[in-house]
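This briefing goes through one protein chain, topic by topic. Keep the sequence and the 3D view open while reading.

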Amino acid sequence: MSKRPAIALFAVCLLSAYAAAQSVKAAPAVGNAGGAARAVIGPYVNRVDSSSARIVWISERGTPPVRVFVDGGGQHLEVRSIPSEIASRSELLQTAKLDGLKPLTRYEYYIGSEEVPPRGTFLTAPAGQAPFRFAVYGDTRSYPDRHQVVTEAIAKENPAFVVCSGDLVADGDAWDQWKAQFFDPARSYLERATLWPVRGNHDGNGTLFASLFGLPETRLYYSFNFGNAHFVILDSQLEDKGHAMLRWLKRDLAERHAEWNFVFYHIPTFNVGGHTSDWGRDDYLPVFESAGVDFTLTGHSHLYERFLPIGPAGKKPVIHIVSAGGGAPPYEVRPSPILAGGIGRSELHYCVFEINGNRCDLAAKRPDGSVMDSLSLVKEGGVYQADVMAAAFETEKAKRLEFMFVRPTADLDAIPSPGQKVQVSVRADRFPENCTVTVRQAKEETNWEVEPQKVAAEENAFSFAARAPADFKLGGKGFEPPLRVALTVEDHGRAYSAEDVTIYFSQDSARKAVPIPSAVDIPYMPRRVTVDGDLSEWAGVKPLPLPFDKKETSSFRIGWREDGLYCAVSVKDATVKADPDAPWGSDTDGVDLFIEKDFARSRGMGENASEYVFSPAPESGPGPGHASVVYGRNRSKDSGVACAWRRSKEGYSLEFFVPAAALEPAKMQAGTMLGMNFILNDDKVAVERFFCDKKPENRRSPMRWGAVRLAK
Ligand SMILES: [Fe+2]
């Protein structure tokens, strides 16, 4: 503005009005030559390189092309916006394409008229090497006020561009959310910084995402260059059956010649807290490692995790960072030996990178600008400085140790009485081979007494003594109170410590503590039952007794034949509710059937358990209805599952069949026991349950299912 005094004066007069227009909640006005058009969203700048840029905003329907004026580096440009349709919306996407720009130049742009202050500025990419700064953050969805706290801090850093690592909004198919949750709060930095977005799992089917960011709908991955750095954006939501994105990535990384290489995507490859995801480990990670990628930056788990460098032995490793502190609710962090600092951070934050030649500085900052984590890399001869290289983990070792301190499982040599000392044998397949482990009592008051002990891990286990507390008992999740210890693990001169690790007891140990439930006999059906919802074939079959009091249920009948299990359910419920999303709907009437096939008295849905949800489908009339398998180890074996329903005088009946193949390894012969949990749901309430015990405290036991025996 300073080069045009007349406009500058005018601008000063308008300053207060301009500031008000920039406030986040108000839709800032965009004057056009005719004066009436308003920006519904934006403006924002994306797809900037060293000679071109795109200024974009969303206008109301019917807005004609608008004049855009651009000043910078002694150039004065004037272009007209091109309005384009947005899928199934009446609003228009206005795009001003700029070409012939100068590298490393800050441009200011005016929309509609030069007689107003500039709507924003942007910086073009350097043609060659020049120091620059950019910011990264993610998971900005759902809480615009929290998002804005972060964007205001990012704006103060004055980055050339910002990468948002996905989940910009809660539902990317919901148009209104883009303005409220993302673009309005992000105005703080969008006035000066280019935006490069990543698609997250919340960002919808891609239609609106593609429109807003000028991408082809079927290809939301891309790359760009800035100075001596190359940036790749992947789409971890893509169902990439033909590996098109992977092939593109290999080509893209082979063609680039940059000192620094960053890859951004939403679902992390390494992640200890929150979702514990491992996206792309088998196919993308080897490409990152062989192509010399420096950083992966992801989101999805709402926390901050910087992993120690990970890579093939002797080669330059990759630094993996999860940064999802843009506003979405923070997630629980967990300790890990492969995390810098030993554990992540669950705070609002953003990352700032400064690139200067062969040096890269990272600072992860809280919204008040205080530094939460930092790292400086200097690259020479294709590797980082010695201390960084020395801290690196070989990839396979990192995979093994990642969850070392998360829920280690132990076996007990005996079930202790309260106050009794027992030997706790911890399974160490996630610990370094042949390490030594110092076990101490955790600082937390646990009631378990643990003397400091240094023990050796052999054959993937280490063992230590602990005294059970006076109030020790079997509770809903296992043994209570939990055993918490401090661990220091030594391995070839490296030591890893965690101050508070909860040891979980194995199912084998829990089983020793829980008596075998008395099984209920279910009859052999004299002939095959037709699964049609008509229960007349069940006339002679007694209702199922409950395991704890042998009283018959009012609703369930089960029988067996060599070909599988047959079930009949009669329900007194005149208003049948079915959710179109069944079985995922929470409001669906019907039954949940859990079958544990090998009768190992599982603590829950183990490998040999299946869950079926059967619900009537009122809209499709009587007869065959839903038969939905939501869990099964081998779904192909579940393919013969059949279900039908019918209205009855007092409500409805359900009839279903689970074939013998779906019940393997159990044999369909007299004497076989199956674990079973059978729940009838009506209006979100479990109105009848087949459990091992009627006492609520025992139902909460880890072995809470009942059992049936196939009788002759
Ligand atoms: Fe996500």
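Two strands are said to pair if DSSP finds at least two bridges between them. The model described here is predicted. Its chain has 10 helices and 44 strands, and buried residues make up 44% of the 712 residues. Among contacts between residues at least 6 apart in sequence, 66% join residues at least 24 apart.

**An open sheet**

- An open sheet is formed by 4 strands in the order β1-β2-β6-β5, with antiparallel pairing.
- The edges are held by β1 and β5, each of which has a single partner strand, so one side of each is left without a neighbour in the sheet.
- From one strand to the next, the twist averages 25°.
- Strand β2 covers residues 53-59 and pairs with β1 in the antiparallel sense over 5 bridges.
- Tyrosine 44 has valine 56, in β2, as its bridge partner.

**Cores**

- As background, nonpolar side chains in soluble globular proteins tend to be buried together.
- The largest nonpolar core here has 137 residues.
- The residues with the most contacts inside this core are Ala135, Val162, Phe262, Phe264, Tyr350 and Cys351.
- Leaving aside residues up to four places away in sequence, valine 162 touches Phe134, Ala135, Ile154, Tyr189, Ala193 and Leu195.
- There is also a second, separate core of 47 residues, which includes Val641, Trp645, Ala666 and Leu710.

**Helix α2**

- Helix α2 has 14 residues. From its first C-alpha to its last it reaches 20 Å, close to the 20 Å expected at 1.5 Å a residue.
- Which residues of α2 are buried? They are Pro144, His147, Gln148, Val150, Thr151, Ala153 and Ile154.
- An α-helix has 3.6 residues a turn, so residues three or four places apart point the same way.
- The cover over the buried residues of α2 includes strands β9 (132-137), β10, β19 (350-356) and β20 (359-365), as well as helix α3 (175-190).
- Ile154, one of the buried residues of α2, is also among the residues that valine 162 touches.

- Most residues other than glycine have a negative phi, and most peptide bonds are trans.
- Glycine 42 and proline 43 are joined by a cis peptide bond, with omega about 5°. Proline 43 lies in strand β1, which covers residues 39-46.
- Another cis peptide bond runs from glutamate 480 to proline 481, with omega near -5°. Proline 481 is found in the loop between β30 (478-480) and β31 (483-491).
- Serine 88 is not a glycine, yet its phi is positive, about 55°. Serine 88 lies in the loop between β5 (82-85) and β6 (92-98).
- Is serine 88 buried or exposed? Serine 88 counts as exposed because it has 9 C-beta neighbours inside 10 Å, and the cut-off for exposed is 12 or fewer.
- Asparagine 158 also has a positive phi, near 50°. Asparagine 158 follows α2 and lies in the loop between α2 (144-157) and β10 (161-164).
- Asparagine 158 counts as partly exposed because it has 13 C-beta neighbours inside 10 Å.

How values were computed. Residues numbered from 1 in each chain as written. Predicted model: local features only at pLDDT ≥ 70, side-chain atom pairs only at ≥ 80, totals over all residues. Core = buried A, V, L, I, M, F, W, Y, C linked by C-beta atoms within 7 Å. Buried ≥ 20, exposed ≤ 12 C-beta atoms within 10 Å, placed from the backbone. Contact = placed C-beta atoms within 7 Å. Helix = DSSP H or I, 4+ residues; strand = E, 2+ residues; numbered from the N terminus. Axes fitted to C-alpha atoms, helices over the stretch in contact; angles between N-to-C directions. Expected span 1.5 Å × (residues − 1).
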